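Dear colleague,

Please find below the structure that I am handing over to you. My findings follow directly after it.

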Amino acid sequence: MQNQSISIAIVDDHTLFRSGLASLLSEFDEIEVMFEAMNGIDLQTKINQHAEVQLILMDINMPVMDGFAATKWVKANHPNVHVLALSMLEDEKAIIGMLKAGAGGYMLKEATPSDLLTAIKVIVNKGFYINELVSGRLLVALKDNGIKPTFSDRELTFLQHCSTELTYKEIADLMNVSPRTVDNYRESLFAKLNMKSRTGLVVYGIKNNLINI
């Protein structure tokens, strides 16, 4: 990959941001911007003319077809193309939604060009990029090639519910257990996976096929 440029596309409905980002990234020898698109439908039209694209920088909030739907379409129709979410949103719902849709990573638009370049390289080479926004501690869990932790059926059920918008109290009601019991499931998973966030649990579940999307 050192001597070969990475072909990317930028999908964002803000023209100034999109063209500015394309200009910035074009300054890197490792990057070649193949095309820009203003939303998911525009992307569908253009990607068929650029089969060489390896990665798409995907905004979330866009008219006509947003980043969630566009990412799902890309992974269904061009499974070998990577998607890196690039958004203003920093909430768990957006992060989890994009990762469940098939994105290989999530970056904020305030990231530096060099950080973005690093994320692009890692996703193309490894398939997944994890930064502190997603879960710094998850990196340790994913890199661990030793004995994988085991989970009870109830913990796996709780993990599945974590990928929804349900609150912990609503999960407890759905599982017919007390909020305290749900707290125990959560703390048990945190301990087993060495992490401290609900987002981290969901990302781990998705990457290890423990969550049905």
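In this predicted model, S87 has L108 of strand β5 as its bridge partner. This pair belongs to the contact region of two strands: β4, which covers residues 82-87, runs parallel to β5 and is joined to it by 4 bridges.

These two strands are part of an open sheet of 5 strands, in which the pairing is parallel and the order is β2-β1-β3-β4-β5. At the edges stand β2 (31-37) and β5 (105-108); each has a single partner strand, so one side of each is left without a neighbour in the sheet. On average, and with direction ignored, neighbouring strands of the sheet are turned by 25 degrees against each other.

Helices accompany this sheet. Helix α2, formed by residues 40-47, packs on the sheet and touches β1 (6-11), β2 and β3 (55-58). The direction of α2 makes about 125 degrees with that of β2. Helix α3, formed by residues 67-77, lies across β3 and β4 and runs at about 170 degrees to β3.

As for the protein as a whole, it contains 10 helices and 5 strands. Of its 213 residues, 46% are buried.

Yours sincerely

Note on methods:
Residues numbered from 1 in each chain as written. Predicted model: local features only at pLDDT ≥ 70, side-chain atom pairs only at ≥ 80, totals over all residues. Heavy atoms only, no water. Pairing = 2+ DSSP bridges. Axes fitted to C-alpha atoms, helices over the stretch in contact; angles between N-to-C directions. Contact = heavy atoms within 4.5 Å. Buried < 20%, exposed > 50% of the residue type's maximum accessible area, 1.4 Å probe, protein only.
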